[in-house]
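Subject: Structure handover

Hello,

Please find the structure below, followed by notes on what was found in it. The notes can be read alongside the model.

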Amino acid sequence: MLAKTEKPRVIHPWPVRLTHWLNAVAIIMMIGSGWQIYDASPLFGFTFPGLITIGGWLGGAIAWHLAFMWLLVINGLLYFGYSGISGHFAKFFPLSPASVWADLRAAFRMDLKHETGVYNAVQKLLYLGVMFAGVVIVISGLGIWKPVQLWFFTDLCGGYFIARYVHFFAMAAIAIFVAIHLALVLLVPKVLPPMITGGRISS
Amino acid sequence: MTPTNRRNLMFRAMALGAVTTLPACKMTEADNSSLTDQFKHAMLAWDDKVQEALFDPHTLAPTFRPDQITNPPRFNAFYDISQAPVVDPATYTLALGGQIQNKTPWSVSALNALPQHSQITRLICVEGWRVIGQWSGVRLSDFLRHVGADLTCKYVSFKCADGYYSSIDMPSALHPQTILALNFLNAPLTPPFGAPVRLRIPVKLGFKNPKSLVHLAVTNVYPGGYWEDQGYDWYSGS
Ligand code: HEM
């Protein structure tokens with residue numbers, strides 16, 4: 001695609017913003033209901049307090065989980081489709097271990113500059129990482145939902161028993177990403193408005 | 001059951017969209033329930049349709065080796081194990097109802113006289129745990145044909161000695177691994193684990209495997225179920 005270099009360019013095209021905020025809703029609903037489901041048969045020695053879970057009881061949580069998985073998956077497919085066709089996905093590349101290391105050190109020295117509309121190597125890694133976790137959580141989720149009919153997803157995750165752990169750890173990865181993501185937005189609050197309005201950058 | 005009422009504007013909008021575009025939910029209490037409940041029920045009805053479409057009568061549930069069997073098995077019901085019903089196998093009968101030609105009740109010995117099938121399969125609970133067991137008994141498809149059931153009907157329903165009840169769709173009922181189980185590990189079922197006859201259906205979640213059956217019917221009228229009526233997904237296939 002040819003970039004119109006004369007006109008100011010949006011930082012975040014509307015399809016990216018729309019799918020981003022729909023995804024935020026889906027993730028909150030999936031994590032909250034997932035924690036309630038977890039509490040019915042905990043994998044580890046702890047449960048999630050009812051105050052931060054969604055659904056109220058196992059049946060309610062499963063109903064939310066199986067409802068919002070559609071938003072999560074359809075919205076995710078739209079995002080990947082748009083990113084691939086529009087060339088948006090190129091923003092996450094190139095990415096090398098050396099560049100991640102350099103940007104990470106710069107960040108800890110507090111002299112990593114925020115360049116509007118450009119992702120640094122650490123951001124690229126985090127974004128690609130959470131997208132990978134998203135793919136893993138959908139595959140393992142389908143594997144534990146339909147271990148007979150969709151057995152290939154279950155097998156891909158090492159069987160039903162292990163798939164539950166895969167699903168849980170993918171959730172943990174996404175939750176950690178969300179925490180870092182929100183912390184960074186708090187540190188550099190000026191990045192928030194463009195994610196809503198689109199923002200403008202003269203190029 | 002403690003349903004939460006999250007009357008968020010967005011959910012209301014989504015619920016409206018879902019309720020108007022999807023078939024009405026099967027739950028009878030839906031009329032006076034909140035919009036979020038109606039939204040959930042409509043989505044579960046949609047999920048049931050998807051699960052029905054995903055169901056392949058030729059896909060078998062995985063089977064396991066004898067050394068993988070969970071022994072002793074895990075008890076689970078809506079009451080404590082000490083309250084499990086004790087049915088006298090000598091006087092027991094399984095009553096039949098609905099679209100079935102020969103409704104003569106069945107005794108345990110009559111069921112034992114039909115061709116037997118054994119399976120080592122996994123039972124997955126909706127809570128997320130699973131057990132592996134060896135069950136044997138009569139294929140439900142054999143039984144339904146034997147008594148002249150109308151196999152074009154939509155549902156097979158079950159009632160239990162403890163008041164529990166459930167129902168399944170006909171294609172799942174005719175699946176080769178769906179059996180009226182009489183034995184566990186080659187010995188007759190024991191009272192807390194469904195004696196004398198239980199449904200064993202590995203293509204469904206655990207709560208769709210009712211125990212201590214006293215009544216079986218074939219029908220086109222949606223029969224619901226003990227948990228299903230409280231908001232669990234009716235189809236609940238694996
Ligand atoms: C297509 C997407 C997904 C599907 C099909 C799916 C499906 C499922 C199923 C079937 C269960 C187990 C229900 C049970 O034990 O009865 C479950 C549990 C859970 N899900 Fe998902 N899920 C999906 C996405 C997600 C996402 C995006 C998250 C969070 C970011 C999430 C978090 C959880 C958690 C924390 C549990 C409880 C884990 C456990 O104890 O086994 N899921 N999910």
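**The two domains of chain A**

The C-alpha centres of domain 1 of chain A and domain 2 of chain A are 13 Å apart. Domain 1 covers 10-90 and domain 2 covers 93-196 of chain A; such bounds come from an automatic or database domain assignment.

This is a predicted model, in which local features need pLDDT of at least 70 and side-chain atom pairs count only at pLDDT 80 or more, while totals for chains, interfaces and linings use all residues. Residues are numbered from 1 along each chain as its sequence is written, chains are lettered from A and ligands numbered from 1 in the order in which they are written, and side-chain values use heavy atoms, with hydrogens and water left out.

Between the domains, 24 residues of domain 1 of chain A are in contact with 20 residues of domain 2 of chain A (contact means heavy atoms within 4.5 Å). The two domains bury about 2,000 Å² between them, 76% of it on carbon and sulfur atoms. Buried area is the accessible area (1.4 Å probe) that two parts lose on being put together, summed over both. On the domain 1 side, Ile11(A), His12(A) and Leu43(A) lose the most area to domain 2 of chain A, together 25% of what that side buries.

There are zero salt bridges between domain 1 and domain 2 of chain A (a salt bridge is a side-chain nitrogen of Lys or Arg within 4 Å of a carboxyl oxygen of Asp or Glu). Four residue pairs are in polar contact between these domains, both residues at pLDDT 80 or more. A polar contact is a pair of N or O atoms within 3.5 Å; within protein, one must be able to donate a hydrogen and the other to accept it, and residues adjacent in sequence count only if both atoms are side-chain atoms.

Helix H1 (14-40) and helix H2 (58-86) of chain A each supply at least two residues of the domain 1 side that touches domain 2 of chain A. H1(A) gives the most, with eight residues. Helices (H or I, at least four residues) and strands (E, at least two) are DSSP runs, numbered from the N terminus. By class, this side of domain 1 of chain A has 19 nonpolar, four polar and one charged. Ala, Val, Leu, Ile, Met, Phe, Trp, Tyr, Cys and Pro count as nonpolar, Asp, Glu, Lys and Arg as charged, and the others, Gly among them, as polar.

**The ligand**

The ligand is surrounded by 23 residues, and the closest are Gly34(A), His65(A), Arg164(A), His167(A) and Val126(B) (a residue is near a molecule if one of its heavy atoms lies within 4 Å of it). The site is shared between chains, because residues from chains A and B surround the ligand.

A polar side-chain atom of His65(A) is 2.8 Å from a nitrogen atom of the ligand. For His167(A), a side-chain N or O atom is 2.8 Å from a nitrogen atom of the ligand. Arg164(A) has a side-chain N or O atom 2.6 Å from an oxygen atom of the ligand. The shell around the ligand divides into 16 nonpolar, five polar and two charged residues.

**Chain B against chain A**

This contact takes 39 residues from chain B and 31 residues from chain A. The chains bury about 2,900 Å² between them, 68% of it on carbon and sulfur atoms. The salt bridge count between chain B and chain A is zero.

Regards
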